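Please read the following report with the sequence and the structure side by side, and look up each residue as it is named.

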Amino acid sequence: MSLDRFKCYLSQLPEVKLPDRDWSLRWIKRIFEFLRKPLESDLTLDTNLLIAFLVAIKKNEVPAWQRHQAAVTAGRYQMMTCGA
């Protein structure tokens, strides 16, 4: 599902407030970039791809709380694609 669709999906989740929404969009963009996928494309995330991304950002010294934020974002993205 595209980035635009994810943005719309996030806006419909009452538990995701504006700052978290913005960070979720930033994280999903980074995941798309890591996987070299266009932002308009469908993105299928599996466990191995997500782990590879998280390991890569850990090597770049991204703090644990931000890696958690990225993982939560990936989970939300997957929930959106399951409901499509």
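In this predicted model, Arg36 is exposed, because its relative accessible area of 76% lies over the 50% that the term requires. Arg36 has its place in the loop between H2 and H3, and its phi is near 55°, which is a positive value in a residue other than glycine. A second residue of this kind is Glu61, whose phi is near 65°, again a positive value in a residue other than glycine. Glu61 lies in the loop between H3 and H4, and with 70% relative accessibility Glu61 counts as exposed. Such values deserve a remark because most residues other than glycine have a negative phi.

The loop between H2 and H3 also holds Ser41 and Leu43. The side chain of Ser41 reaches the backbone oxygen of Pro38 at 2.6 Å.

**The chain as a whole**

The chain contains 4 helices and 0 strands, so that from the N terminus on its elements run α-α-α-α. How does the radius of gyration of the chain agree with that of a compact globule, and what is its value? A compact globule of 84 residues would have a radius of gyration near 12 Å, and the chain has 12 Å, which agrees. Taken along the principal axes, the C-alpha atoms fill a box of roughly 35 × 25 × 20 Å. Of the 84 residues, 32% count as buried. Among the contacts in the chain with a separation of 6 or more, 61% come from residues 24 or more positions apart.

The confidence of the prediction can be followed along the chain too. The mean pLDDT is 89, and 94% of the residues reach 70 or more. Confidence is lowest in helix H1 (residues 3-11), with a mean of 87, and highest in H3, with a mean of 96.

**Aromatic residues**

The count of aromatic pairs, for which ring centres have to lie within 6.5 Å, comes to 5. In one of these pairs, Phe32 and Tyr77 have their ring centres 6.1 Å apart and their planes at 90°, so the pair is edge-to-face. This pair links distant parts of the chain, with Phe32 in helix H2 (residues 18-34) and Tyr77 in helix H4 (residues 64-82), 45 residues apart. Phe32 counts as buried at 0% relative accessibility, and Tyr77 likewise counts as buried at 0%.

A further pair is formed by Phe34 and Phe53, whose ring centres are 5.5 Å apart and whose planes stand at 70°, so this pair is also edge-to-face. It, too, links distant parts of the chain, since Phe34 belongs to helix H2 and Phe53 to helix H3 (residues 47-59), 19 residues apart. Phe34 is partly exposed, with a relative accessible area of 35%, whereas Phe53 counts as buried at 3% relative accessibility. The two pairs are set side by side here.

| Pair | Distance between ring centres | Angle between planes |
|---|---|---|
| Phe32 and Tyr77 | 6.1 Å | 90° |
| Phe34 and Phe53 | 5.5 Å | 70° |

Phe32 and Tyr77 also belong to one aromatic cluster, which they form with Phe6 and Tyr9. Another kind of arrangement involves Trp23 and Arg26, where the charged end of Arg26 sits over the ring of Trp23, 4.3 Å from its centre.

Thr73 is found in helix H4 and counts as buried, at 0% relative accessibility. Which residues does Thr73 touch, not counting residues up to four places away in sequence? Thr73 touches Phe6, Ser24, Trp27 and Ile28. Phe6, which is named here as a contact of Thr73, is also one of the members of the aromatic cluster with Tyr9, Phe32 and Tyr77.

Note on methods. Residues are numbered from 1 along each chain as its sequence is written. This is a predicted model: local features need pLDDT of at least 70, side-chain atom pairs count only at pLDDT 80 or more; totals for chains, interfaces and linings use all residues. Side-chain values use heavy atoms; hydrogens and water are left out. Rings of Phe, Tyr and Trp (its six-membered ring) pair if their centres lie within 6.5 Å; planes under 30 degrees apart count as stacked, over 60 as edge-to-face and the rest as tilted. Helices (H or I, at least four residues) and strands (E, at least two) are DSSP runs, numbered from the N terminus. Buried means under 20% relative accessible area, exposed over 50%, partly exposed in between (1.4 Å probe, protein chains only). A charge sits over a ring if NZ of Lys or CZ of Arg is within 6 Å of the ring centre and within 35 degrees of the ring normal. A polar contact is a pair of N or O atoms within 3.5 Å; within protein, one must be able to donate a hydrogen and the other to accept it, and residues adjacent in sequence count only if both atoms are side-chain atoms. pLDDT is the predictor's confidence in each residue, from 0 to 100. Contact means heavy atoms within 4.5 Å. The radius of gyration is taken over C-alpha atoms; the globule rule is 2.2 Å times the number of residues to the power 0.38.
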